[in-house]
Amino acid sequence: METIIIIVFALGYLAITVEHSIKIDKLIPALVMMAISWALISLGIDSFGQWFDSANHGLVDGFANMEHDSKMHIMEETLLHHLGKTAEILVFLLGAMTIVEIIDYFDGFSTIKGFIKTNSKRKILWIFSILAFILSAIIDNLTATIVLISILQKIVKERDVRIWYAGLIIIAANAGGAWSPIGDVTTTMLWIGNKVTTGHLFIYLFLPSLLCMIVPTLIASYLPAFRGNLEKVENNDDTPKNKFSSTMLYLGLGGIVSVPVFKTVTHLPPYVGMMLALGIVAIFAEIYSNSKFALSGIDSGEHSEHSSHSPVHHSLSKIELPSILFFLGILMAVAALESLGILFGFAGTLQESMPMLGTELHGEGVSDLVVLLLGVGSAVIDNVPLVAASLGMFSEPIDNELWHFIAYSAGTGGSMLIIGSAAGVVAMGMEKIDFFWYLKKISWLALVGFIAGAVAFMFTRTIF
């Protein structure tokens, strides 16, 4: 039965990887393999010789000799435990996504466009790279990419030039998301899973992530694509459509940034702080939307559309529900493998077969090469299941450098292919960037940045 479950997972994983070829959204195979995996576990519960209790972080004693009803009870408790942990991540993401959509409802991101006052291609490259690095740490790398490419489309007329900027935005956004607990889904998973803390994440990963952004941007700034000036910078429409744009931008970003502080002070799960932040932002959104001056800059048709919804209802209708369902499916599918102890057996084999590269990590001794290969693998395979699998494979304590290296590798390694990260996929869709163009022009820059950051991490951990 274990073999069948592994085959189901492998087929589902393959379908997720080639979603662009088979034209089936990745949430579908994720949900199917999750449901089938747990159904097979339930049907074959008496055939399993071991069971991993995630709540107590250990194998259940005497599981093989238990009665059927006892095994089913343990399975149901484990399933409920994993659903609870997954729900923490999903509710957190729902809150963050809703706050971002509320900011967009008030046209808050138009404030960022006003920061760009130059025609120099090189200066604009650095402005967008730095903005991507900072924004992705606050509102996550996917949203930061969408916002910045939308602004880019209003500033850079030539698409051939614009796709170069988009490529560097992908690298910078993924680098920025790696050092923040709210900047990337995989880092959020590690944070909520009590594998990393905000302070140590910053100490270990800020410098590596910064170099991962700076090195490719510095090299690219000397390429022919970024020499000279743009033909025209369109700044004719700098006036925000909403008088509360700037207020909602800073309020929303401040609310998201306050979540790690809330967790540190109260020791409550992060989703509680995110719900508080969402509630406060929503209060001001409702107040401002009822103001007779709120939509003064929006035309009558758009005014009518906005006024028929509350900002919160409108924003909730625009969040990426397919992404939420994908995370549900993949995390619960990986939980099935973890519960059977399969991931731990795989981790042991992996550690024994890989040679040690550089300094051995603390704990049980996980090769640096294993983590680097995980980063390279995240360019081909979605990094969410890779990190989810690592949570089940390794048992190092909180803030062990292994978890920080995984956060860096999985977060930035996806930049090496345009399909390797959510930021890359959305940029590919927004600008119709060709896979092979990215592979030829941008991938090597991402690889150089990835290696520079990895070397910096190895240096950083020897200090801390």
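How many salt bridges does the count come to by the rule used here? A salt bridge is taken as a side-chain nitrogen of Lys or Arg within 4 Å of a carboxyl oxygen of Asp or Glu, and by this rule the count comes to three. The model is predicted, so local features need pLDDT of at least 70 and side-chain atom pairs count only at pLDDT 80 or more, while totals for chains, interfaces and linings use all residues. Residues are numbered from 1 along each chain as its sequence is written, and side-chain values use heavy atoms, with hydrogens and water left out.

The overall picture comes next. The protein chain has 22 helices and two strands; these are DSSP runs numbered from the N terminus, with helices being H or I of at least four residues and strands being E of at least two. Of its 464 residues, 54% count as buried. Buried means under 20% relative accessible area, exposed means over 50%, and partly exposed lies in between, with a 1.4 Å probe and protein chains only. The chain exposes about 19,500 Å², and carbon and sulfur atoms supply 65% of this area. Such areas come from the Shrake-Rupley method with a 1.4 Å probe, and for residues only the protein chains shown count as cover. Contact means heavy atoms within 4.5 Å. Among contacts between residues at least 6 apart in sequence, 78% join residues at least 24 apart.

Side chains of opposite charge can pair when their charged atoms come close. Lysine 318, with 40%, is partly exposed.

Glutamate 431 forms a salt bridge with arginine 162, with the closest N and O atoms 2.7 Å apart. Glutamate 431 lies in helix 20 (residues 422-431) and arginine 162 in helix 8 (residues 159-178), so the pair ties together parts that are 269 residues apart in sequence. Both glutamate 431 and arginine 162 are buried.

Arginine 461 and aspartate 368 also meet in a salt bridge through their side chains, at 2.7 Å from N to O. Arginine 461 is in helix 22 (residues 443-463) and aspartate 368 is in helix 17 (residues 368-377), so that pair links distant parts of the chain, 93 residues apart. Lysine 71 has its place in helix 4 (residues 68-105). A polar atom of the lysine 71 side chain lies 3.5 Å from the backbone oxygen of aspartate 46. Leaving aside residues up to four places away in sequence, lysine 71 touches Ile45, Asp46, Phe48, Phe63, Ala64 and Met66.

The surface also carries a nonpolar patch. Ile22, Ile24, Ile28, Val32 and Ile36 make this patch of about 380 Å². Patches are made of residues with over 30% relative accessible area and no salt bridge, where like charges are joined within 9 Å and nonpolar side chains (Val, Leu, Ile, Met, Phe, Trp, Tyr) within 5 Å. Helix 3 (residues 27-43) gives the largest share, three residues. Isoleucine 24 lies in the loop between helix 2 (19-22) and helix 3, and counts as partly exposed because its relative accessibility is 37%.

Two loop residues have a positive phi. For aspartate 399, a residue other than glycine, phi is near 65 degrees. Aspartate 399 is found in the loop between helix 18 (383-393) and helix 19 (401-413), and at 14% relative accessibility it counts as buried. For lysine 432, phi is near 50 degrees. Lysine 432 is found in the loop between helix 20 and helix 21 (435-441), and is exposed, with a relative accessible area of 62%.

Conventions
Polar contact = N/O pair within 3.5 Å; in protein donor to acceptor, adjacent residues only side chain to side chain.
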